[in-house]
Amino acid sequence: MNHVLNIGLYLHIPFCFKKCIYCDFFSIATSDEQLKKRYISAIIKEMELHGKKNQEVELTSIYLGGGTPTALSGLQLQEILRACFLKFPIDEMAEITVEANPGTIDLGKCKLLFQAGANRLSLGVQSFDDEMLRKLGRIHTKEDSLAAYHSAREAGFKNINIDIMFGLPGQSKIGFKETLTEVIQLKPEHISLYALSLEPETPLGHLVAAGKIKLPSDDFTNKLFLEAITLLGERNYEHYEISNFALPGKRSIHNQLYWNCQPYLGLGAGATSFMSNKRYRNYQDPELYIELLNFGILPIECQEILSSSEKMSEKIILKLRMMEGLAKAEFRGLFGTPIEHFFGKPIQELKEQGLLAESKTHYYLTKRGISLANNVFLEFLD
Amino acid sequence: MTEITKAANIRNFSIIAHIDHGKSTIADRILELTETISQREIREQVLDDMDLEREKGITIKSKPVRLLYKALNGKQYIFNLIDTPGHVDFSYEVSRSLAACEGALMVVDAAQGVQAQTISNVQMALEHKLSIIPVINKIDLSTADPEKVSKEIKKINGLSESPILMASARDGTGIREVLEAIVKYIPPPDGKLEKPLQALIFDSVYNPYQGSVVYIRIVNGVVKPGSKIQTMSNKNNYEVNEVGIFMPKRKKVEQLSVGEVGYLTAGFKDITLTKVGDTITNSEQPADRQLPGYKKVIPMVFCSFYPVENDDYPDLKYALEKLSLNDSAISYIPENSPALGFGFRCGFLGLLHMEIIQERLEREYQIQLIATTPSVLYRVYLKNKQIIEIDNPSSLPEAALIDYIEEPFIELTLITPSQFLGGIMELLQDRRGVFKNMEYLDKDIARLLYHLPLNEIMLDFYDRIKSISKGYASIDYHIMGYQESALIKVDVLVNQEVVDNLSFITHKDKAYERARKIVDNLKTAIPRQLFEVPIQASVNRKIIARSTVRALKKNVIAKCYGGDISRKRKLLEKQKAGKKRMKRIGKVEIPQEAFMSILKID
């Protein structure tokens, strides 16, 4: 075998039972079983087309995301995962994650997933406050979350992520802390903690614009965030990316691909791939996606070739999202020149503003810089 | 036209009217009826040809046109119709145009009746001893009330005996009668052909090939190509290249003689050499005196123009140079602001004049502008007996050096249905107005006379009057002169730094209220920075109002995975582009739109 390229594989399942009011990801709320079946055959066809092209790759991670992958049945998910193993060479240590909505998973489904090779489950718990979950349009309760978590453990999952949101409308400091504490008590290997971001073109966006829902202030949200970082740190969770925390050795292999600008293949409607400086995206409309694949055509809607300055900006921004920061040597290795040559002045200013810090080997965000990361990132754009 | 035109058959007249009362439409009908222009040349408002003039429905530059009219008595007459600017800002030009005439048609809307401007125009026409023919226009409107309007007209000083004509310019009713009245009631010019040349300059336009083209009325004598002439105010001598008349396009003729209206070119390089109101005479045989009324026009209203994009500065300079070629009343000097970059401090005759120039710069020259709050020209008496004039609040000397300050005052005429008197008088009181007189033009139409500082009508005055009176009140004013006022300068500090463009001079009793408003507005307009930004207003370094923009604590995109990277980068790039266009006050960055909204705060 020649030189093998290690890549990640992302599979997008654009189905949900119901759309959450804040979500602007591409997904459709449907119970059309025929559509789901046709979609699964299409995504497997897409694997075949890519599998033929990419003989020299090896997958180091697989990630089934959505939408809600668990909107599909356990057997359907098995079918997809098995196809991956048939179409691609996979590293034996590969991290294979399935995203799950706690309301759509039970012990049986967990077992099927585990049997099919999944070794990591990501649970969209969001909150333990049932009233809040209902208001956000989530279909599950705290009880569902706990049950899902324990089922996953029972089925054999040794690596579980829990998603938690903060900055939710009407969320109190006490309420948030309670959720976080209870989640920590479950001892998941990984916790993703992210602030609700208001997208204008969502039902929540419209409600806020109309003044019907008020979001907590940025100052308040920031307080929650900082307190959470402290609390998680005390419990041995390592803050390794702006919104991600992991027990030692349990960082998400797949997500780190994104932040390290490594190649990944995205399959499914609306999925994005990144290979040798090119980023491309599939058509979002599942019908069109399916139809093109039925003709044996890759359903690529658009592609973007990164210029060297865009590459540079992305490298810096994504690396700074990691708490470790940007390694000076890595930058020089990639672009042939020290970073100070391009960004000496902004680096100096950001350091003076207390947003950026420097070690012998790295540049990294300060605690304040984490909260104001966008102000830092802006300085590294052309 | 080889023969010398007989003065007895010439009628020189203007049309005066309040905005929208139909001046231009009447002019159009007269043009049609006298067959001055062919049918295919007829378009609405022939005389208003600048885009802006058509759109705003006002005349900005004076325009003359020569008409031939065969009267019912069988005789052929030459009418020179001089269209005049209709706004108080241009009253000096109106006055010069009127000086070129023997009579005026006074057009009044049959529904709206007499307005403030109608009266001030009549007064101006009477000062020039013109014969005035009142014409009630738009009698075809369903809301027309010609009888009531006739009564109002008869109440105007000097018009009690005038015959009043009825017309509808829209359908042509009464236009023939108007033309006959011109022949009958407006006297022919009375100058002498044998006397030395005296020609009044009533307007001028710049032409890149011929230089300044002056519009003249020959009062005495005759002028032709080759004549040696002199402009009397500055004693400069020239040789005439061309003379002509307005048909309404310029048409060369062999000579212009007594009583005639036309144009003249003589290689005037610069419009400032041919000032409106000056007299042209013969250099070899000069007249013994200038025609009355030449005065320098002084800008009364000032503001700064800055290009939104700094790169447009050279274009702005070019555009101002070009515009001032045709409008000697604009003044402009370069200015530099830390927040806004390079721009110009400009002087104007009034607010409308300012607005027109701003629009022309934006429209004809495609320059996006930031205009600062307008200011008047203050006269500052220093303790060392020096007197200085200040057109920019930021250049006011320290209070300790100042003895006292004077500001321009106006006499304001306001005509309103009496039901709105209460609200209007309250507003005028608030604007430091001093009541002078009130009289009723009709049982429910009142005319008010007030004295108040020009500064008080700079911001939000017309709009307030219109809103209080539901659009019915009309105003007119003229500058009376300077009077002492208790004025102080308020500085605005953002993050401890004075922002020059935000300083303002105001009456001491109003300082706090305005300062409060400005700091509160700034607080909402300035986005949160990485640090706390104090906003203060001060008088003599004493803080009188303050507010604080609290520091930005959080600005982070929650999550960023594979599919989002491009989108997030583009989002950041967009923010970055906005940041590049930001205006800076010291360390504080303010988006352009916010800065513009701050400058518009009243």
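Two residues are taken to be in contact if their C-beta atoms, placed from the backbone, lie within 7 Å. By this criterion, residues 24 or more positions apart account for 70% of the contacts in chain A with a separation of 6 or more. The model is a predicted one, in which local features need pLDDT of at least 70 and side-chain atom pairs count only at pLDDT 80 or more, whereas totals for chains, interfaces and linings use all residues. Residues are numbered from 1 along each chain as its sequence is written, with chains lettered from A and ligands numbered from 1 in the order in which they are written.

Chain A has 15 helices and 17 strands; helices (H or I, at least four residues) and strands (E, at least two) are DSSP runs, numbered from the N terminus. Of the 382 residues in chain A, 45% are buried, that is, 20 or more other C-beta atoms lie within 10 Å of their own.

Turning to the interface, 32 residues from chain A meet 21 residues from chain B. Elements of chain A that each supply at least two residues to its side include β8 (190-195), α8 (218-234), α11 (308-321) and α15 (373-378). Helix α15(A) gives the most, with five residues. The side of chain A that touches chain B has 14 nonpolar, twelve polar and six charged residues (Ala, Val, Leu, Ile, Met, Phe, Trp, Tyr, Cys and Pro count as nonpolar, Asp, Glu, Lys and Arg as charged, and the others, Gly among them, as polar).

Chain B contains an open sheet of six strands with mixed pairing, in the order β2-β3-β1-β4-β5-β6; two strands pair if DSSP finds at least two bridges between them. Its edge strands, β2 (63-70) and β6 (165-166) of chain B, each pair on one side only. Strands β4 (residues 103-109) and β5 (residues 131-137) of chain B run parallel and are joined by seven bridges, and B:V108 has B:I136 in β5(B) as its bridge partner. Helix α5 (residues 146-155) of chain B packs on the sheet, touching β4, β5 and β6 of chain B, with its direction at about 155° to that of β5(B). Here axes are lines fitted to C-alpha atoms, for helices over the stretch in contact, and angles run from 0 to 180 degrees between N-to-C directions.

Elsewhere in chain B, helices α9 (residues 421-430) and α10 (residues 461-468) pack at about 160°, with their axes 9 Å apart. Helices α9(B) and α10(B) are therefore roughly antiparallel (over 145 degrees). B:G423, B:I424 and B:L427 in α9(B) meet B:R464, B:I465 and B:I468 in α10(B).

Definitions and conventions. Buried ≥ 20, exposed ≤ 12 C-beta atoms within 10 Å, placed from the backbone. Parallel < 35°, antiparallel > 145°, perpendicular 65-115°, else oblique.
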